[in-house]
Amino acid sequence: MNKLNKYIRDGAITVGSLLGAFALSLMFQYIFDVREHVTTIFVFAVFLVSVLTDGYLFGVAAAFIGTVAVNYAFTFPFFSVNFMIPGNLISGIVMIAVAVLTGALTTKLKRHEATKAESERERMRANLLRAVSHDLRTPLTTIYGSSTTLLENGSVLTEDQRLRIITGIKEDSEWLVRMVENLLSVTRIDSGQVKIMKTPTVLEELIDSVIVKFRKRYPTQKIEIELPDEMIIIPMDAMPIEQVIVNILENAVQHAVGMTRLKLKVYESGQNAVFEISDDGCGIEPKRLETIFTGYNSSADEVADSQKKNAGIGLSVCATIIKAHGGNIEAQNLRTGGAVFRFVLETEEMQDDTE
Amino acid sequence: MIQNKYKILLVEDESNIRNLVATMLEAANYQTILAGTCSEAKSLYTSYLPDLVILDLGLPDMDGMNLLDFIRRDALTPIIVLSARTNEADKIAALDKGANDYVTKPFGAGELLARVRAALRNARFSTSVGRVSDGRFELNGLEIDYDARRVFVKGEEIKLTQTEYNIVALLSENCGKMMTYAAIIKAIWGGVSQEGSVKKLQVNMANIRKKFGDKPGEQNYFVNELGVGYRMNE
């Protein structure tokens, strides 16, 4: 199906270019009475076809048609095919050579781009893996160390010390749970085999679920919520999207220093639902802003343990999830201070529910 | 004293988790019976007849669903499923096969005990009269008069349509229990769920929430589990 469409498109390009060349040549011939450039025009048309279509097929076909057309209509003797004249033969060979060479060149270029994208993905995966092994080890150290301390010296610790150690275990294991959730979503999407399963989701229910989850982790953090009045249904894989919003909210709590307001706003814009999470904290460093969704590479110039709860993984997970939904995500600094994260998902038309 | 405790059969193959959950339950004054495999659980179930079963779905000898079928063949004993799977489809399958509730690993003590309490209370109600005594239901300022089919929140009547009332009544009768979309649709509209009926339910729920003045993220009467169903908060 897809292949057929491509053939139709390439065929249209070929016919269009050749017709254009033909018309132009006719124009030159009848209006200006020059005919020396006919071959050049056709060579150019063949070149265009070779660049714009895939493979050699259409370029070479255009070259043959062009040769015959030039031979037939524009070179002496007019309106008859005669390959015996050396000039005609040469222009034919030139056109076919152009078609083959251009086709080879563009094919090579396209292949090169594909491998470049593949190696970019590979690099991101390696970055993620490195980040993960670091980020997993840190909380595990706490958990392992704390529990052995309790087992071996539990009796000599004061009640207060014990409580502090246990709280540490709880917090770090919560962090691990989130990390694993994030990783699961990424592998689920990245593996390519499991596609995003979109089901119609009610916006209000999504936000409700997000806020309940967020409250569990940050009971004291207030969030302002602004939703459209009418019911909005968005086809999505609800669990990963929920995770995206929680990740962004959490990112604000951990990194927006001096934040007093955290706002989650969703509004409709045509066929799209725009999700906006904004804070009035310290904003994002311009240098960091460039690579904020692409992974962990900025960590190289940071001190390894300066930020245990690095935003790197969380936000690159967000980008992966939103892209897999065919949406778009961006981060900006607000002129009034603070940062805003924005992503867009397509909504579903409300039709068959008024029975 | 022992006789007054609820007996809970805990089926879990990971010994660490089994010990942990047993400790959580015993600390909350429940009596626990422990099983590590499906076949062990079956024989323990028949000899002890527990008040509640906590079941891990991934067991070494056979799928936990098997035990679910075994118990549901002739008993309504509440079953809570423990699952590491975050996949909605698995939760729905377990609920539709007769599980009362599920808890996703990892979970905290508070979460598990709340589900256990709700499941036990639910079983008590549904085995006695089928609905809350004297035809009324009360919960945190929510009041339902089943005979008059009227609903009040903090003394104020809420005007609901037929369908909306039916949904609210159904959820209240199963208060604390997770009701899947399919289960609600079957009870309200009858028959099998068809294309579009989930959306019909979602629209009705949106209207109910609006009438109750529920706000996203607040302590509401209705809890939604995305892609699975609804539950009335206890």
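Tutor: Keep in mind that this is a predicted model. Let's start with the largest nonpolar core, which has 50 residues. Val11(B), Ile54(B), Leu55(B) and Val81(B) are the members that touch the most others.

Student: How do you know that this core lies between domain 1 and domain 2 of chain B?

Tutor: Look at who contributes. Domain 1 (2-128) and domain 2 (133-232) of chain B both give residues to the core, so it lies between them.

Student: Which residues does Ile54(B) touch?

Tutor: Leaving out residues up to four places away in sequence, Ile54(B) touches Ile8(B), Leu10(B), Val11(B), Val21(B), Ile80(B) and Leu82(B). Apart from that core lies another one, of 42 residues, including Ala252(A) and Phe341(A).

Student: What makes α7(B) and α8(B) roughly perpendicular?

Tutor: Their axes come within 10 Å and cross at roughly 85 degrees. Angles from 65 to 115 degrees count as roughly perpendicular, so that is the name this pair gets. On the α7(B) side, the contact is made by Tyr181(B), Ile184(B), Ile185(B) and Trp189(B), and on the α8(B) side by Ser197(B), Val198(B) and Leu201(B). Those residues divide into six nonpolar, one polar and no charged.

Student: Why is Asn29(B) called exposed?

Tutor: Count its neighbours: Asn29(B) has 10 C-beta neighbours inside 10 Å. The cut-off for exposed is 12 or fewer, so Asn29(B) counts as exposed. Asn29(B) sits in the loop between α1 (15-27) and β2 (31-35) of chain B, and has a positive phi of about 70 degrees although it is not a glycine.

Student: Where is Pro106(B)?

Tutor: Pro106(B) is in the loop between β5 (101-104) and α5 (109-128) of chain B. The peptide bond from Lys105(B) to Pro106(B) is cis, with omega near -5 degrees.

Student: How many residues of each chain meet where chain A touches chain B?

Tutor: 22 residues of chain A are in contact with 13 residues of chain B. On the chain A side, α6(A) gives the largest share, nine residues. That side divides into eleven nonpolar, three polar and eight charged residues.

Note on methods:
Residues are numbered from 1 along each chain as its sequence is written. Chains are lettered from A and ligands numbered from 1 in the order in which they are written. This is a predicted model: local features need pLDDT of at least 70, side-chain atom pairs count only at pLDDT 80 or more; totals for chains, interfaces and linings use all residues. Axes are lines fitted to C-alpha atoms, for helices over the stretch in contact, and angles run from 0 to 180 degrees between N-to-C directions. Helices (H or I, at least four residues) and strands (E, at least two) are DSSP runs, numbered from the N terminus. Angles under 35 degrees count as roughly parallel, over 145 as roughly antiparallel, 65 to 115 as roughly perpendicular and the rest as oblique. Two residues are in contact if their C-beta atoms, placed from the backbone, lie within 7 Å. Ala, Val, Leu, Ile, Met, Phe, Trp, Tyr, Cys and Pro count as nonpolar, Asp, Glu, Lys and Arg as charged, and the others, Gly among them, as polar. A nonpolar core is a set of buried Ala, Val, Leu, Ile, Met, Phe, Trp, Tyr and Cys residues joined through C-beta atoms within 7 Å. A residue is buried if 20 or more other C-beta atoms lie within 10 Å of its own, exposed if 12 or fewer, and partly exposed in between; C-beta atoms are placed from the backbone. Domain bounds come from an automatic or database domain assignment.
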